[in-house]
Amino acid sequence: MKNSWQKIIISQQATIRDALKVIDSQALGIALIADNNKLLGTLTDGDIRRGLLRSLNMDDAAVEVMNSNPIVVGPETEKEQLIHLMESKSIFALPVVKNGVIEGIHTLHELLHKPQYENPIFLMAGGFGTRLRPLTDDCPKPLLKVGNKPILEITLQRFIDAGFNNFYISTHYLPKMIQAHFGDGSNWGVKIQYVHEENPLGTGGALGLLPKDIPQLPLIMINGDILTNMDFSKLLEFHNKENADATMCVREYDYQIPYGVIYGEGHRITSMIEKPIQRFHINAGIYVVNPEVYNSVDKDTAIDMPTLLENKIAKKKSVLMFPLHEYWLDIGQMDDYRRAQQDIISLELE
């Protein structure tokens, strides 16, 4: 919703002529009739034509020809849903409304136009995958197939679909197999470079191996065993908008204590809660870090990402969390791998 949607709002006193001028000047194909940003109806070129065929004239009120029951969407509607709805209904613009108030507008042209990002993407593919043996005895975990594609290829394609084209892959275990599969990225129309850890350096330590000519832009890094359908462009947009030095994706995790919990003062019981549920935010293995952060890691320094970010927090840097509500699975154990094989069908990530 990067369009100037406020400029297509007209009042209920506006004429058809006024509405047509707005539709023509803003090139979004629609005008929104509102009262204090409360949506009353929408007006398109087609609505005006049908009104004129009913013998209305250009100085009649626009409310006479508006659609008073338009299709609208909420601000959380996913891009894929928006495109499907617009194509199935043959409409080119959808007002975004929450509690009756206009918050923006989506156009089909905007949704189908894929932005291009030069931000580097760092795919962490150096792990041994010990808990997935014997599957990983002769195959690095990121190349294990989920459905018809390796895990890491699914992730790569998600980034490509979001408009990213500049990739770096860290390797350690069976690196030649990973390089043989992905090559220089030309099969996907992107650029892939490799950094190899002679000794495991941890997720943060691998940052110290990145080439010096890497674009000095916020970098997105992700563990190579993560399966998710999150929108990476939204993550980057959040990071930039909030002026963060680093952003960590987090996932809500519930833990139910299997016993009744007793609270008291001395010997006196003050309250009891039966099998309470505690909620935590856990690290989802996806980060955005500014150049100052990844340039601060010296070559061949072993450090994991949580420790690196804790160091930045201690220095009063802005380290934020990005709650991840979309599908997410860390394929760390055999049960996770089996679940991924079932989930991939409904996720349509293949």
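1. The largest cavity holds about 30 Å³ of space. A cavity here is a set of points on a 1 Å grid over the protein atoms alone where a 1.4 Å probe fits but cannot get out, and a volume is the space filled by probe spheres set on the points. The search of the whole structure finds 1 cavity of 30 Å³ or more.

2. The model is predicted: local features need pLDDT of at least 70, side-chain atom pairs count only at pLDDT 80 or more, and totals for chains, interfaces and linings use all residues. Residues are numbered from 1 along each chain as its sequence is written, and side-chain values use heavy atoms, with hydrogens and water left out.

3. The largest cavity is lined by Ile 154, Thr 155, Arg 158, Ile 226, Leu 227, Thr 228 and Phe 232; lining residues have an atom within 4 Å of a point.

4. Arg 158 sits in helix H5 (residues 151-162). Arg 158 is buried (under 20% relative accessible area, 1.4 Å probe, protein chains only). Arg 158 has no salt bridge (a side-chain nitrogen of Lys or Arg within 4 Å of a carboxyl oxygen of Asp or Glu). The nearest side chain of opposite charge, Glu 80, is 4.4 Å away. The side chain of Arg 158 does reach the backbone oxygen of Met 230, at 3.1 Å.

Key. Helices (H or I, at least four residues) and strands (E, at least two) are DSSP runs, numbered from the N terminus. Buried means under 20% relative accessible area, exposed over 50%, partly exposed in between (1.4 Å probe, protein chains only). Lys and Arg count as positive and Asp and Glu as negative; His and the chain ends are not counted. A polar contact is a pair of N or O atoms within 3.5 Å; within protein, one must be able to donate a hydrogen and the other to accept it, and residues adjacent in sequence count only if both atoms are side-chain atoms. On a 1 Å grid over the protein atoms alone, a cavity is a set of points where a 1.4 Å probe fits but cannot get out, and a pocket is an open set with protein on both sides within 12 Å along at least five of seven lines; lining residues have an atom within 4 Å of a point.
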